[in-house]
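Subject: The structure we talked about

Hi,

Here is the structure I promised to pass on. Have a look at it first, and then read on for what turned up in it.

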Amino acid sequence: MDPAAYVPDVFDPRIYGAGIPYESYRLLRDRHPVAWQPEPEIQGWPAGPGFWAVTRHADVVRVLRDHATYSSWLGATQIRDPDPADLPFLRRTMLNQDPRRSAGDHGRLRRLVSRAFTPARVDAFAGRVRERARTLLATARAKAEDGAADLVRTVTDEYALLNLTDLLGVPAADRGLLLEWTVRIIGYQDPEDAPAPLLGPDGKPLNPRSPALLGEMFSYARELAAHKRAHPGDDVMTALAEAGLDPAELEMFFFLLTVAGNDTVRSAAPGGLLALARDPGAYRLLAEGRTPLHTAVDELLRVHPPVLSFRRTAAVDTELAGQPIRAGDKVVVFHASANHDERAFTDPGRLDLARTPNPHVSFGDGPHVCLGAHFARLQLRVLYEEWRAAMPAPELAGPPRRLVSNFINGITRLPLRVSGPAG
């Protein structure tokens, strides 16, 4: 085979369990920037029609910004096609809407969340976030076995979950439910991380995002909203409960905030610590205060974006990077590839905690840019500050384990050394 004609597979979720396929991404960016990817059946999940993989930074940004050409509404935003019967349900969330196709719903819903997720409300939680980081890190040190701890289990899962539930206003007794739902929905491709999937009448796994499997979460969202109307607080769920949303919109908001709001930091925090553990020189600059925290946070997000891919559907016949695309084709952008594109970043394989500018796409771009980015950056900055103040330099105490997923860039185990002097 002509090496120039080789198109590596970047679809199979099992690839990502071994590591992000940077070399495959580089080959695609250099030779096939918009590359056709087959969708074979994998682990019982049905085959699909295939899609175009977009790997260069400029093309990824173009797709994310051009909602008239590349639609979230037509086929939703996951690579695998949803059941057509589920599409009306999926379109209730603004993640799967387009400004021009949703009768004004996308803009209206985004404005509602923006008002609920104000920087002032988020910043008011900074003290609580800092105390939580200190407490969790101290507990990890106290309970260390042979000087090491799994930071995912002891720190980052709890940190992301409890910060989000504080902001939402979820009672402490109910917080474990949110983690259970998140793991079920996000980790469904990983046979070790998620519970065994439920099977449909045809023996095939049921999509955990289908309405049939989200009834428990939706019922809880309605009950919590009713409680907030009777007992309002200064939290996001009170703001949403009083915003005049219809029940379906409220349910989907709760779904989106619970899953996306939790898993952004749940994925990024251990990913950032892992990157620092693998580059002691970069961490030394951070520990000595020679690197600004805000640029360090964005560089760690660049090298470990929480989300690996997002899907759009071509609304019209078009062309991208010279490749004709037909209306109805699936077009999938790969954030981790865009963040390592030599055309946008100097020496992208180097962890440069002072990198500026840093036009990473870890929070997306265009009309669907992440509304929780400010809250995520706050949590990550505080965690790294508190690590620098109280913990030894990050050092692997065993092999990490990655989530088997072509969607979420998850770390499910991260054994780090936690005993020893800070520095």
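Predicted model: local features only at pLDDT ≥ 70, side-chain atom pairs only at ≥ 80, totals over all residues.

Helix α14 (residues 293-303) packs against helix α16 (residues 373-390) at an angle of about 110°, and their axes are 10 Å apart. Angles from 65 to 115 degrees count as roughly perpendicular, so that is how α14 and α16 lie to each other. On the α14 side, the contact is made by Leu293, Val297, Asp298, Leu300 and Leu301. Helix α16 brings Arg377, Leu380, Arg381, Tyr384, Glu385 and Arg388. Sorted by class, that makes six nonpolar and five charged residues, with no polar ones.

How many of the eleven residues of α14 are buried? Ten of them are, so the helix is largely enclosed by the rest of the structure. Among the buried ones are Thr295, Ala296, Glu299 and Arg302. The cover over them includes α2 (22-31), α12, α13 (280-287) and, again, α16.

Next, the nonpolar cores. The largest has 101 residues, and Phe254 and Trp387 have the most contacts inside it. Helix α12 (residues 247-277) gives this core its largest share, 16 residues. There is also a second, separate core of 15 residues, which includes Leu28, Ala35, Phe51 and Ala53.

Trp387 is worth a click. Apart from neighbours within four places in sequence, its contacts include Leu137, Leu151, Leu273, Tyr283 and Arg417.

That Arg417 also turns up among the salt bridges: its side chain meets that of Glu395 at 2.9 Å, N to O. Arg417 sits in strand β11 (residues 415-417) and Glu395 in the loop between α16 and β9 (401-402), so the pair ties together parts 22 residues apart in sequence. Both are partly exposed, with a relative accessible area of 27% for Arg417 and 39% for Glu395.

In total, the structure holds 30 salt bridges. One of them joins Glu386 and Arg130, with the closest N and O atoms 2.7 Å apart. Here Glu386 is in α16 and Arg130 in helix α7 (residues 126-142), so distant parts of the chain, 256 residues apart, are linked. Glu386 counts as buried at 7% relative accessibility, while Arg130, at 22%, counts as partly exposed.

Arg343 and Asp341 also form a salt bridge, again with closest N and O atoms 2.7 Å apart. Asp341 is buried at 1% relative accessibility, whereas Arg343 is partly exposed at 44%. Both belong to a salt-bridge network that also links Glu23, Arg26, Arg29, Asp30 and Glu342.

Cheers

Methods:
Residues numbered from 1 in each chain as written. Heavy atoms only, no water. Core = buried A, V, L, I, M, F, W, Y, C linked by side-chain atoms within 4.5 Å. Buried < 20%, exposed > 50% of the residue type's maximum accessible area, 1.4 Å probe, protein only. Helix = DSSP H or I, 4+ residues; strand = E, 2+ residues; numbered from the N terminus. Contact = heavy atoms within 4.5 Å. Axes fitted to C-alpha atoms, helices over the stretch in contact; angles between N-to-C directions. Parallel < 35°, antiparallel > 145°, perpendicular 65-115°, else oblique. Nonpolar A, V, L, I, M, F, W, Y, C, P; charged D, E, K, R; others polar. Salt bridge = Lys/Arg side-chain N within 4 Å of Asp/Glu carboxyl O.
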